[in-house]
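Morning, everyone. Please have the sequence and the model open.

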Amino acid sequence: MDFALTEDQTGLKAAARTYLEDTYGLDRIAALADDGEQDLAAWPELVRQGWLDADLGLAEFVLLAEEGGRALHPVPWFATAGLALPVYRAAGVEPPGPATLADGGDTCRAARRDKGWRLDGAVQAVLHADVATEILVAARTPAGVALFGIDPAAASLSARDGVDPLRATSDIALAGAEGRLLIGPTAAAPLLTAIRGRATTLLAGEAIGVADRALAIAVEHAKARTQFDRPIGSFQAVSQQLADGYAEVELARSLAYRAAAGEALSAEAVACAAHAASRAAVTVCETAIQVCGGMGVTWEFPLHRWFRRALWLEAELASGPLEAIAHSLFGEHS
């Protein structure tokens with residue numbers, strides 16, 4: 001199978017990078033991260049540029065996620081495009097703005113009351129619930145799990161501490177919150193399964209972008225920093241680490257593109273992409289910090305922000321990929 005990008009995909013990737021580089025310099029990312037804020041004012045521009053367009057396939061979304069990771073894109077795009085958008089598309093409605101998904105199939109209940117639906121229960125660590133215009137909640141009904149949209153004002157939110165201030169999560173508690181039914185019990189379960197695979201693939205793309213940017217920072221430093229009147233990048237001890245980092249990034253990129261290229265998501269392909277990409281993000285960030293020496297561990301130097309995202313991604317992608325890979329190789333004996 002040919003994984004080379006088409007002309008349209010290459011243009012999409014280039015346009016996304018240009019926009020993000022022009023909009024989010026290092027100082028702006030630092031200011032937003034230090035305040036724990038999202039750039040919600042940029043949301044209409046993202047919609048105008050087509051970042052949520054219906055004609056984008058998974059491969060295009062992975063390319064956008066990659067560029068988003070490279071820039072630490074400070075908007076709730078992943079929560080919307082990766083988690084909530086498939087629900088809206090299946091329901092035949094447009095998202096009202098930034099949205100997120102709370103998977104409360106085991107912890108939330110929905111019952112008919114007052115000619116509508118009322119939701120009770122709690123969900124932990126819901127991404128960007130604090131800035132969502134609507135929270136989609138998977139809740140159990142007498143007929144099975146269904147998907148509902150609720151107003152965030154109807155939920156009690158408790159912020160959680162996390163390693164990445166640009167990826168805020170909250171615990172949500174529902175006590176009779178009014179919900180609008182979007183997807184009924186028959187379609188909700190397979191849709192949630194598909195969303196998990198889609199979200200994992202997008203996060204793999206984002207991890208590639210994180211690793212790629214950390215590597216670029218390290219390479220730039222290795223070219224500019226001199227020892228014994230020579231750039232440190234000319235020394236084998238440094239150049240070999242950077243070459244290994246490049247190999248890690250390209251391997252992860254090829255696996256993520258492979259996962260996104262198929263007509264149907266393959267559990268094995270998604271697992272391979274998740275494992276390789278999360279490993280590349282952490283490993284390359286660690287290598288970059290080492291190459292940059294003492295400066296690499298200072299608060300003022302930007303690398304720690306990508307390392308934080310890499311650690312967040314590692315935690316998100318940790319559950320399941322190795323087991324899925326083993327199962328694909330050894331079947332029920334794994």
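Contact here means heavy atoms within 4.5 Å. With that in hand, take Leu147: leaving out residues up to four places away in sequence, Leu147 touches Val87, Leu101, Val137, Ala138, Arg180, Leu181, Leu182, Ile183, Ala188, Leu191 and Leu192.

Before going on, the ground rules. This is a predicted model, in which local features need pLDDT of at least 70 and side-chain atom pairs count only at pLDDT 80 or more, while totals for chains, interfaces and linings use all residues. Residues are numbered from 1 along each chain as its sequence is written, and side-chain values use heavy atoms, with hydrogens and water left out.

Now the core. A nonpolar core is a set of buried Ala, Val, Leu, Ile, Met, Phe, Trp, Tyr and Cys residues joined through side-chain atoms within 4.5 Å. Buried means under 20% relative accessible area, exposed over 50%, and partly exposed in between, using a 1.4 Å probe and protein chains only. The largest such core has 91 residues, and Trp77 and Leu147 have the most contacts inside it. Its largest share, 17 residues, comes from helix H6, residues 185-224. Helices (H or I, at least four residues) and strands (E, at least two) are DSSP runs, numbered from the N terminus. Another core lies apart from that one, with 19 residues, including Cys108 and Trp117. In soluble globular proteins, nonpolar side chains tend to be buried together.

Next, two loop residues. Is Asp39 buried or exposed? Asp39 sits in the loop between helix H2 (26-35) and helix H3 (43-49), and it is buried, because its relative accessible area is 9%. Beyond its neighbours within four places in sequence, Asp39 contacts Tyr24, Arg28, Leu32, Pro74 and Val75. Ala54, in the loop between H3 and H4, is exposed, because its relative accessible area is 64%.

Last, the backbone. Most residues other than glycine have a negative phi, and most peptide bonds are trans. His128 counts as buried, because its relative accessibility is 3%. Asp114 also has a positive phi, near 50°. Asp114 is in the loop between strand E2 (108-113) and strand E3 (116-127), and it counts as exposed, because its relative accessibility is 68%.
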